[in-house]
Amino acid sequence: MTTIVFENVWKEYDDRVVLERVNLALDDHEFLVIIGPSGVGKTTLLRMLLSQELPTRGRILIDGEPIAAEPTADRGVVFQRYSVFPHKTVLGNVMMGPQWAGAPVLGRFFGARRRALEERAMALLTRVGLAEHAEKYPAQLSGGMQQRLALAQALIMKPKVLLLDEPFGALDPGTRKSMHELVGELWEENRMTIVMVTHDLPEAFLLGTRVIAVDKPRKDPQAPERFGATIVSDFEAKCRSVRESRVFEAEREKARLALIGGHSVPVDASPVPALMKD
Ligand SMILES: Nc1ncnc2c1ncn2[C@@H]1O[C@H](COP(=O)(O)OP(=O)(O)OP(=O)(O)O)[C@@H](O)[C@H]1O
């Protein structure tokens, strides 16, 4: 369960107001998409959710508690341009986060702990379609494959909140489409809250359960930095029945994979048994 609340949040750099009066209450397991003109402050909103920037006024609450002042592993991020460790393999890149979190001095697990992590990383790489590329280096991957690796790298930390900053912006239309499907499925399977920035309106309404537009409602031509941007529109992008049918489909897919794989994948008790017939 993850809720996010912005309470009268402002962000200013010296005399320059970037964001003002941002109020937002996000339910558990929303897929929020932020749209708006270039330079308006969308990435700044994401950076505040990561604690890479702090609000100059107001506060942000996650699950009712003030957001941690430093970035934490329960908030993952994927950017448009993926930055990886070029000297690490695909598998090595996915294993890095948990190793630095669990062994901060050496950055490396050994023995059974390492084998368990390797298994978990391989399962995730299988999920994002990269298992057969596990021993390759990032330079040998296409743009879409690199973004799938970025997703695996974020997901291995089991984030409660996943932040996506134009993650598909550099991809060709075909790859983009398959990434939309993958992200939609991962969102359901992992029950995360996702906050994504995009410039692409169809993408926003395809993926989001809620879409907000950020812009400057007040403008001073003499002093453009005097006023900041805020939420100017807020759309419920998917009605509850559509969302619930997606949950239903995701559960069915999990059950199908469990049957094919011949091993047990935790499946919620809900509607799945009845569906296994088809
Ligand atoms: N550290 C900083 N110091 C001063 N100004 C900053 C800083 N970080 C961001 N800004 C300014 O804040 C404004 C909002 O930037 P931000 O990157 O959030 O916009 P954006 O909506 O994500 O833009 P784009 O769509 O082009 O990526 C910009 O005018 C930027 O120059």
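Predicted model: local features only at pLDDT ≥ 70, side-chain atom pairs only at ≥ 80, totals over all residues.
**View 1. Helix 4 beside helix 5.** Helix 4 covers residues 143–155, and helix 5 covers residues 173–190. Their axes come within 10 Å and cross at roughly 10 degrees. Angles under 35 degrees count as roughly parallel, so helix 4 runs roughly parallel to helix 5. On helix 4, the contact is made by Gly143, Gly144, Gln147, Arg148, Leu151 and Leu155. Helix 5 brings Thr175, Met179, Leu182, Leu186 and Asn190 to this contact. Sorted by class, the contact has 5 nonpolar, 5 polar and 1 charged residues.

**View 2. The largest nonpolar core.** This core holds 58 residues. Which of them touch the most other members? They are Val33, Ile34, Val94, Leu125, Ala152, Ile194 and Val195. Helix 4 supplies the largest share of the core, 6 residues. Look next at Val195.

**View 3. The shell around the ligand.** Which residues surround the ligand? Tyr13, Val18, Gly36 and Ser38 are among them. The shell also includes Gly39, Val40, Gly41, Lys42, Thr43 and Thr44. Helix 1, residues 42–49, gives the most to this shell, with 3 residues. By class, the shell has 3 nonpolar, 6 polar and 1 charged residues.

Definitions and conventions
Residues numbered from 1 in each chain as written. Axes fitted to C-alpha atoms, helices over the stretch in contact; angles between N-to-C directions. Helix = DSSP H or I, 4+ residues; strand = E, 2+ residues; numbered from the N terminus. Parallel < 35°, antiparallel > 145°, perpendicular 65-115°, else oblique. Contact = placed C-beta atoms within 7 Å. Nonpolar A, V, L, I, M, F, W, Y, C, P; charged D, E, K, R; others polar. Core = buried A, V, L, I, M, F, W, Y, C linked by C-beta atoms within 7 Å. Buried ≥ 20, exposed ≤ 12 C-beta atoms within 10 Å, placed from the backbone. Near = placed C-beta within 6 Å.
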